[in-house]
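Subject: Structure handover

Hello,

Here is the structure we talked about. Please open it alongside this note; my findings follow below.

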Amino acid sequence: MKNHIVMAPMTRSRATGNIPNDLMATYYAQRTGAGLIVTEGTSPTPDGLGYPRIPGIFNDAQIAGWKNITDKVHAGGSKIFLQLMHTGRIGHLDNLPEGWSLSGASSIKAAGQIYTDTAGMQEHSEPVPLTWEGIQKVIDGFVTAAENAVKAGFDGVELHGANGYLLEQFLNPHTNDRTDDYGGSIEHRARLSIEIAQKTAAAIGRDRVGIRFSPYAYLGDLKPYDVEEVHATYAYLAKALNEIGITYIHIASNPNIPQRTFDAIRSNFSNTIILCNGITPDTATAVLQKGFADIVAFGRSFLANPDLVDRIEQHAPLNEIDLSTLYTPGPKGYTDYPTMRLSPVHSI
């Protein structure tokens, strides 16, 4: 990495037809001040496309679309990892390709609604519980997607085990009521995440694999569970992933994470830890001095400021984010944020 600044993954919903396009290439090329860019969540398989207009990485057109993006990012001197995100039970059938259904650890439907381009807001569809054979297909789908990412020029992949999507649905006992080897105990509920990490690392190299977690956060209609069990879950995962030797763990921070859980993850994992959520250029140094994270990631600051690194170096003010255009089609609120005109500056 040319610097220690990471652009965090952010869903932007501009992939019409689930294929990365030229508009997306412009967006990522604008943000190559970052040492590492982690892309928006990208589905490894058709049944993981729960949201409208999110990209995939399971066919040739998608690989070619992403190759256009990685070429532009590398031309800017940045590294880029593809975030592999299977939405699981979070989604609606109208957002999936014809003939596909939502998959989940169980048949427990998520409460609430999700946007569809066909009919606006609709209730989440009911997921089809994955059979044992279905789980093996999910694992194989992640592995093939990682191999496709390498073909598309990515430097690596980040497995999305956070924010209430499929991997975290398996971790949470309220969405995972299975009685087989993928449900019940902490070790069994963590098995899917660990097996995907193992097989992905074996396929493309452990230095090309990271993973993202969000302990004690309950997005996607996840229900809180025993705090001791949450702590033990992420301590166990950190140790298991350290044994595999993946390159990083990316933690989406929230105020509910106790210090002892941070400490357990740090003591059990010897490679890089990235921390994000709510971190600003003004607070980043203090966050790093706490000793948990090696690197911090910026999300919305990068969204509204393509030249965020220049602004940090110049102590310049940041653009305000337009929340109304986070997930809308087109360039507005996507590629039209203004940049500063600066002379070349030293890397951070």
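Helix H3 (residues 132-151) packs against helix H6 (residues 191-204) at an angle of about 35°, and their axes lie 9 Å apart. Axes here are lines fitted to C-alpha atoms, for helices over the stretch in contact, with angles from 0 to 180 degrees between N-to-C directions. Helices (H or I, at least four residues) and strands (E, at least two) are DSSP runs, numbered from the N terminus. The crossing of H3 and H6 is right-handed, meaning that the near helix is turned clockwise from the far one by less than a right angle.

This is a predicted model: local features need pLDDT of at least 70 and side-chain atom pairs count only at pLDDT 80 or more, while totals for chains, interfaces and linings use all residues. Residues are numbered from 1 along each chain as its sequence is written, and side-chain values use heavy atoms, with hydrogens and water left out.

On confidence: pLDDT is the predictor's confidence in each residue, from 0 to 100. The chain has a mean pLDDT of 96, with 98% of its residues at 70 or more. Residues 342-348 fall below 50; this stretch has 15 contacts in the model beyond near neighbours in sequence. Contact means heavy atoms within 4.5 Å. Where pLDDT is low, the predicted coordinates should not be read in detail.

Back to H3. Residues of H3 that meet H6 include Ile135, Ile139, Phe142 and Val150. On the H6 side, Leu192, Ile196 and Lys199 are among the partners. By class, the H3 contact with H6 has 10 nonpolar, two polar and three charged residues. (Ala, Val, Leu, Ile, Met, Phe, Trp, Tyr, Cys and Pro count as nonpolar, Asp, Glu, Lys and Arg as charged, and the others, Gly among them, as polar.)

Gly134, Val138 and Gly141 are among the buried residues of H3. Buried means under 20% relative accessible area, exposed over 50%, partly exposed in between (1.4 Å probe, protein chains only). The buried residues of H3 pack against helix H2 (60-75), strand S3 (79-84), strand S8 (156-161), helix H4 (166-171) and H6. Just after H3, glycine 153 has a positive phi of about 95°.

Two other residues have a positive phi without being glycine. Asparagine 163, at about 60°, lies in the loop between S8 and H4. Histidine 315, at about 55°, follows helix H11 (308-314). Histidine 315 is exposed, with a relative accessible area of 74%.

Best wishes
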